[in-house]
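This briefing sets out selected features of the structure shown below, grouped by topic. Please read it with the sequence and the coordinates at hand.

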Amino acid sequence: MRENHGGAGPLLEVRNVSLQFGGIAALTDVNLTVHPGELMSVIGPNGAGKTSLFNCITGLYRPTAGDIFFGGRRINGLTADRIAALGIARTFQNIELFSHMTTLDNLLLGRHLHMRAGFFDAAFATRRWWRNEVAQRRRVEEIMDMLDLQSVRHRRVASLPYGMQKLVEVGRALATEPRLLLLDEPSAGMTEEEKADLVFTIRDVQEELGIAVVLGGDDLRMVMEISQRIVVLDRGRVIADDVPAVVQKDPKVIEAYLGEEAMDPARGA
Amino acid sequence: MTQLIQRYEEEMALVRGGAAWTGLVLLLGALAALPWLLPGYYVYILNFVGINVIVAIGLNLLVGYTGQISLGHVGFVAIGAYAATHFIRATEASGVVAALGGPFWMAVFIGGAAAAVFGVLVGLPAIRLEGPYLTIVTLGFGLAVQQILINWPAVSGGRIGMFVPQPALGSFVLGSDRSLYYLVWTVVIGMSLVAFNLTRSHVGRAFIAIRDSDIAAEVTGVNLKYYKTLAFAVSAFYAGAAGALLAYVMQYLEPTMFNLYESIYYLAMVVVGGLGTIPGAMFGAVLLTLLQYGLSHAQEYLPVIYGGIVILVMALEPMGLYGRWLKIKLWMKTWPM
Amino acid sequence: MFFWQLVLSGLSIGSLYAVVGLGIVLLYRTSRVLNFAHGDLAMVTTMIAYSLLTSAGVVFAGSVALTLLAAFALGSLFYFIVIRPVKEATLLGQIITTAGFALVLGGAAVVIWGAGTKALPFPLSRFRFYDVFGLRIDQLTIGSFIVSVITMLLLYLLVQKTKFGLAMRAVSQNDAAARVLGIPVRRVYAVTWGVSAVLGAIGGLLLAPVTFVSPTMMFDPFLKGFAAAVLGGLDSLPGVIIGGVILGVVENVFGGYVSTAFKSTVAFVMIIAVLLVRPEGLLGRKFQRRV
Amino acid sequence: MRLKVRAYVGWLLVTVMALGVALPAAAQERGITPTEIILGTSAPLSGPAAPWGATARGAEAYIQYINEQGGIHGRTIRFVILDDAYQPPRAVQNVRALVEGTGVFALVGMIGSANAAATRDYIFRNEVVWMTPAVESDPWIGNPNIRYLFVTYPNYYQEAKVLTRYAVEELGLRRIAVIYQNDQYGDNGRRGVIDALAEMGMEPVAAVPYELTDADLSVQALLIGQAQADAVILYATPTHGAMAAAALAQLNPKPQILSSFTLADPIMAALAGEAWNGVIVPSYFPYPDHDEKVARVLEIILERNPDLAQMSFNALAGVTFLEPLLEGLRRAGPDVTKESFVAAMESIQDWDGELLRGISFGPGRRQGLNRIFLARMVNGKPEPLTDWIVYPVEF
């Protein structure tokens, strides 16, 4: 399933993507590139189209125009699960966990793609299924260790504190072993302490696992701090794409944010 | 590392700990002894209990686990019953399979498989439809199956009905209540085991994931089309197998047996017992079937009692009987000695 | 002429399906509850009308008024006693709860009124005819058609032109927001249940001269009303009217030319076909997945 | 906390009801004790066919009367009614509970072809006395297992032939159609019409089925109008019969309706109103309006169960299921056994009961009744048209 992205070509390429709902344009002619192992951010005022963009990339929405390439392969038009199999994982702005399952099961679901046992193996609990299941559990164990989730292993996720739930969602995404991880407002609703932990985790993921990470518009201070590159969306259009220091001073960006309020680095976007 | 693996396997095991094993053995022993302790017509009721347990477990996989509603499950039961009956009649006539030790267990499989095919057909539109819209498609399916059976005597025997030959193991006829009881409950145990296996595996996880958040399931790599259709197929298989057993136990089939009320009763069993748990489905099927058959003396009050219980359970115990049982267990555990 | 006569009787029964379906849709779009007891509620209220007219000897208009009041009370009572406690239940839980209520109502009707079929004294006659363009139309058909249309108009005015209708629409959009805005959400739900039951009762009363009064009188009309609602789109009031009329006409024409045995089935086959093309029904709002 | 208490009380209730699967008493010599004769039936008291439950209630009321008169040869009759809601699986269970648990001497009636078909092998195998299942006669014709079965119920097929011949020969109508319920009952009627017409070298101009769930029969009526039928033979439930009659009354010209005896119910005139005027209906026992004995029985059962007034025909039919059995028990004397009862039944020849007239059984004859008469409904009252019309005995 997994293709090798030989060389230094871009991992993800969004080309001239537009998305319309009825007459309303959510995205207009968006271009975007993510390189392997990169940590970048997509920010913008509320309703700028970050989530729509993520939804297009992960196959939940179908772009009205334009193409999306992942590892050199065109992925728009594929179903979300096929795209996940190619190596894109994500979290959601409003947590989308399997609320009746335990932490363990949520993470195990992330391993779904890696199960090499079929329906009948499962139904009759064959040795093949058993071997597979144990292998997946071992992998999940590693992720739980890394994210410090062992203490809530058997808790139903609905009963976990908010920040913890966000973390479980990240864990589930990581369990799929993606090459690209999209985090949609991961720190929203977190305490400062949890945010600091999150920055740590994101860096770990990016540096140790070598996964490219795209942060969806979030706490601006955090974004400026950790991103290697920032893309700014405004009303569905890309208005800036550069390193944080340049973006911060871009008058178009300031103006876009001024639409609501003066650019305040402490404020969530 | 080996220790770790043992811990996983311990976690994955269906029956954990000595007490659970003892309980299970006692339960199976009681099940095996029951037909020798009860008069025949009670054994007949228990056969229906077993049949409804199978339907309820299967329906629960669809409704409780995958979150897809079916108001036409009786259609699958009917398809299973008629497919099995035709199979039994054909093999009996040809004598081929009978020589292999009797087609009775194969009939159960054929009934299930035939229903599963229709399960896929009904499941396909389910991919696009939500909630009440899916409800009406399944409802329409159930009504259509009955209507077609009524008007297609070649398949159903029409309203005269169709008599079902008794199951035979070689030349040994298994027509008595007791032998049917063992047949039915062996299938119940086997199919419960499969259901338990499925629900603790990646398949079961995918089902629950679709129910809890289909979007998240999809972006995590669950093929919605496949698993939604699979849930329908598996659920229909259970219903079809139960239909085959129904044919054996009733030894007579007639299209009016497969009406909308039955579909609602099946759903009530699942909900009253507890959605999304296999023991819950079993509880519900046992309780409501016993009520239905046991309260013949209550005469015309039965619908009021039955409906009242359903409302009572929904109002007091939305998690169903099994949820209540878990709470009682917890309460007893924490009882200060 | 045969064809147009089929269409005419299809229109007449279809408008009754629509009235029954309106109650289902009104409730569904306001509270997202699919009421499987709608038919049995209508049946019980029709039984009440029967008792008022025969045993109690109340005049027709008075009986109708009292019956509609009773329907309103029964509907909102059911909301307060049963639905509110299980408000958090899933769609399935609600279906089962209302189906349980349907069993209770159906069973109670047999116990209270007996299982037999009864005739409801009705002021309009099926046997007084008018010939219009060579088609035979009876007084009852004309009368019930007029009442159906008036009912639909009144409902339109209630939903679109009154303060209560506004509250109802607000609750249907977002009940949490409506609560914040100071709308008494519970009362809106209760009244909606009441109005829905009244619509059912009107349907039951209009059907009574055709199907007669018995505990099973609403079985088929309820299924058809539900089907009409789904066909038109469960959250669209004009949709259910169109759906009901289409359903009535199609099944009659099918029955007249193809087979009366499959007349009822064809309605559901048609719905499944429509849903495959338009999963939200003819006039329903398209559901968009929100992330 | 109060809520919890309520919840537990609720649960207690549920549990008690679940355990309410009452254990039956053990039986000695089945169904006959020194003081009692036990009879049983499975009837649809709830569900879609609940109106037929009135047959069991009628029989129950009459048994109460018999017991008040001192029973039969000093024994009182216990009549156990179980509800099957018209579902065959439950009918089977009820019959088994009655035979194996309650231990009944005889089963009285059984409504619905499916229920009778599902239970009949069991009843025959266990050689239970079975009085008049209210179903078509086909399953009994040529059946070698019917030694303990006694039937005083008209044969739908023969009845349809009588009606058809009457329409053609006496009324001079040529274009005959049939509206029938799409089941065994309706099918028997349809075949009777077709065969009777074929014997006269004719064919029906239309044969239109309806489904039990249909709520409106105007399409069926329009089809009859399209076929320009001048007589319609009706095989329907009372509700659907009334629907059909009302819809047929809209046709121009209006066809003559002849219906099955199952519509000989006074409710028909109330339901169909003026559309029922002039309809020709057979009956297999006299109407209370014309016969004092029948009127007296009706009075007896209504005194004991006034609710039966709205279903008086079904209630009386229930008594007809029972009546020959009571006669058999009387004739068998105080030392009755199953075999002496059968012998007593076989001695019944051209016997007139309170309701039934001209009943004969015999060795090899289990069809006790083979006569009907026709009446025309005028302003809700039956006016006899013919004397008894006798049709062939077939089993």
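A residue is called buried when its relative accessible area is under 20%, exposed when that area is over 50%, and partly exposed in between. By this rule Lys161(D), at 11% relative accessibility, counts as buried. The model discussed here is a predicted one.

**Chain A: overall form**

- Chain A contains 10 helices and 10 strands.
- The radius of gyration of chain A is 19 Å, which agrees with the value near 18 Å that a compact globule of 269 residues would have.
- Along the principal axes, the C-alpha atoms of chain A fill a box of roughly 60 × 40 × 40 Å.
- Of the 269 residues in chain A, 57% are buried.
- When contacts in chain A between residues at least 6 apart in sequence are considered, 68% of them join residues at least 24 apart.
- Chain A exposes about 11100 Å², and carbon and sulfur atoms supply 50% of this area.

**Contacts between chains**

- Five pairs of chains are in contact, and among these pairs chains A and B share the most contacts.
- Chain A and chain D do not touch, as their nearest C-alpha atoms are 23 Å apart.

**Salt bridges**

- Side chains of opposite charge can pair when their charged atoms come close.
- Over all chains, the count comes to 41 salt bridges.
- In chain A, the side chains of Arg74(A) and Asp67(A) meet in a salt bridge, with an N to O distance of 2.7 Å.
- Both partners count as partly exposed: Arg74(A) has a relative accessibility of 46%, and Asp67(A) has one of 26%.
- A network of salt bridges links Arg111(A), Arg139(A), Glu142(A) and Glu177(A).
- In chain D, Lys161(D) and Glu199(D) form a salt bridge through their side chains at 2.9 Å, N to O.
- This pair links distant parts of the chain, 38 residues apart: Lys161(D) belongs to helix 5 (residues 156-170) of chain D and Glu199(D) to helix 6 (residues 184-199) of chain D.
- Another salt bridge joins Arg191(D) and Asp187(D), whose closest N and O atoms are 3.6 Å apart.
- Arg191(D) and Asp187(D) both lie in helix 6 of chain D, four residues apart, which is about one turn of the helix.
- Arg191(D) is partly exposed at a relative accessible area of 29%, and Asp187(D) is partly exposed at 21%.

**Aromatic pairs**

- A search of the whole structure finds 46 aromatic pairs over all chains.
- One of these pairs is edge-to-face: the rings of Phe150(D) and Phe361(D) are 5.3 Å apart centre to centre, with 90° between their planes.
- Phe150(D) lies in strand 5 (residues 149-150) of chain D and Phe361(D) in the loop between helix 12 (338-346) and strand 11 (371-378) of chain D, so the pair ties together parts that are 211 residues apart in sequence.
- Phe150(D) and Phe361(D) are both buried.
- Tyr156(D) and Phe261(D) form a stacked pair, at 6.0 Å centre to centre and 20° between the planes.
- Because Tyr156(D) is in helix 5 of chain D and Phe261(D) is in the loop between strand 9 (256-259) and helix 9 (267-272) of chain D, this pair ties together parts 105 residues apart in sequence.
- Tyr156(D) and Phe261(D) are both buried.
- These two residues also belong to one aromatic cluster, whose other members include Tyr153(D), Tyr185(D), Tyr235(D) and Phe321(D).

**Nonpolar surface patch in chain C**

- A nonpolar surface patch of about 900 Å² is made by residues of chain C, among them Tyr130(C), Phe133(C), Ile146(C), Leu154(C) and Tyr156(C).
- Strand 1 (129-132) and helix 5 (139-161) of chain C each supply at least two residues of the patch.
- Helix 5 of chain C gives the most to the patch, with six residues.
- Tyr156(C) has its place in helix 5 of chain C, and its relative accessibility of 46% makes it partly exposed.

Key:
Residues numbered from 1 in each chain as written. Chains lettered and ligands numbered in written order. Predicted model: local features only at pLDDT ≥ 70, side-chain atom pairs only at ≥ 80, totals over all residues. Heavy atoms only, no water. Patch = residues over 30% accessible without salt bridge, like charges linked within 9 Å, V, L, I, M, F, W, Y side chains within 5 Å. Areas by Shrake-Rupley, 256 points an atom, 1.4 Å probe, with all protein chains shown as cover. Salt bridge = Lys/Arg side-chain N within 4 Å of Asp/Glu carboxyl O. Buried < 20%, exposed > 50% of the residue type's maximum accessible area, 1.4 Å probe, protein only. Rg over C-alpha atoms; globule rule 2.2 N^0.38 Å. Contact = heavy atoms within 4.5 Å. Phe/Tyr/Trp six-rings, centres within 6.5 Å; stacked < 30°, edge-to-face > 60°.
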